[in-house]
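Dear colleague,

My notes on it follow directly after.

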Amino acid sequence: MKVPFYDATREYKLYKEEFDRAIADVIASGAFILGKQVQEFEKAFCNYTGAKYAVGVANGSDALVIASDILEFKNGAEIITPVFTFFASTSCIARLNGKPVFCDINEDTFCMDMKDAENRITGKTKGILPVHLFLQTADMAACMELAKKNNLAVLEDAAEAFGMRTMYGGEYKHAGLIGDFGIFSFFPTKTIGGYGDGGMIITNNEELYKKATSYRTHGSLKKYHHDYIGYNSRLDTLQAAILKVKLSHIDNAIGKRAEHAAIYREMLKDITGIKLPVVKNGNKEVNYVFCIQAEKRDALEEHLKLKEIGTSVYYPVPLHLQKCFEYLGYKKGDFPVAERLCKTALALPMFPELTKDEAVYVCESIKEFYRK
């Protein structure tokens, strides 16, 4: 059996008529830049998440840069961010001449260790950039306590976190709605992903919303009148139309992911050498990625490859050991948890259209490896 890590074509076949109609409507309208479908999707996104405001941009990385710029994560300001995450969570600070200050992560959740983050706050610290990884949010209660205590801005990297909710202030809040800004990516593999790049910035602050709307169109709210040195970063109308279709089916898609995760958890729970992801109390998870910690990870990865099972390593090298961040002065051993997880983490196939038989085959193949 061949099991892909991800397959976009299965979803297209399920909802082909809806996707084709949505795309054709955009082409027929001729409104390819900030057409009505962008506004419609932004409104639908707000309705689903509970955000007051949403601003569609070209991709998740741009969303991070624009939000970082507005929050003044730049020009020497120190920003606390986890060392175990995708490159864009840190490059958004570095490219604005801010100073990324790394902290280690929690071994159970893969998200930033807020106690370690607290120890790295200085008089130059301007903000915190927590990243919600894989299936749950970072500890936002602890994050906001730190932020309020030290007068820091908070930018939530929720690129992977669509649908995730966490208890805050006595109620469940959608990822991205607790800090000053939250950002999302619509890269095709995401829980809600387009047929190309796309991103979203959300906030409940009207002033920040107006700035983000301006920044995405060259710092302009009125054509040829520029209040800021902004960016050219707009969510494509075709992508918005596609994403609106996907959003209408998102609860079913999230439910399917949960079914696959339940199979993984049940069939892998007793395997010596495997540690399953731990969901912390107060989190409503969404299984964007199902990432195990595996002894002899590289050998297991090769075994699954021979079985024609797709996997992915998130992440093979922590950010403090990336060549481009050598100037920050970190060295091997500075972040032991992250460095250890980079050697053990392995993501298994996870997308709504994965079949039960495929998930079982993945588990049986893993069992076979450890029996040997």
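Two strands count as paired if DSSP finds at least two bridges between them. Helices (H or I, at least four residues) and strands (E, at least two) are DSSP runs, numbered from the N terminus.

This is a predicted model, in which local features need pLDDT of at least 70 and side-chain atom pairs count only at pLDDT 80 or more, whereas totals for chains, interfaces and linings use all residues. Residues are numbered from 1 along each chain as its sequence is written, and side-chain values use heavy atoms, with hydrogens and water left out.

The chain holds 13 helices and 15 strands. Its radius of gyration, taken over C-alpha atoms, is 21 Å; the globule rule (2.2 Å times the number of residues to the power 0.38) gives a close 21 Å for 372 residues, so the chain is as compact as a globular protein of that length. Along the principal axes, the C-alpha atoms fill a box of roughly 70 × 55 × 40 Å.

Between β12 and β14 (residues 290–294), the antiparallel pairing runs over 2 bridges, and isoleucine 274 stands opposite alanine 294 in β14.

Yours sincerely
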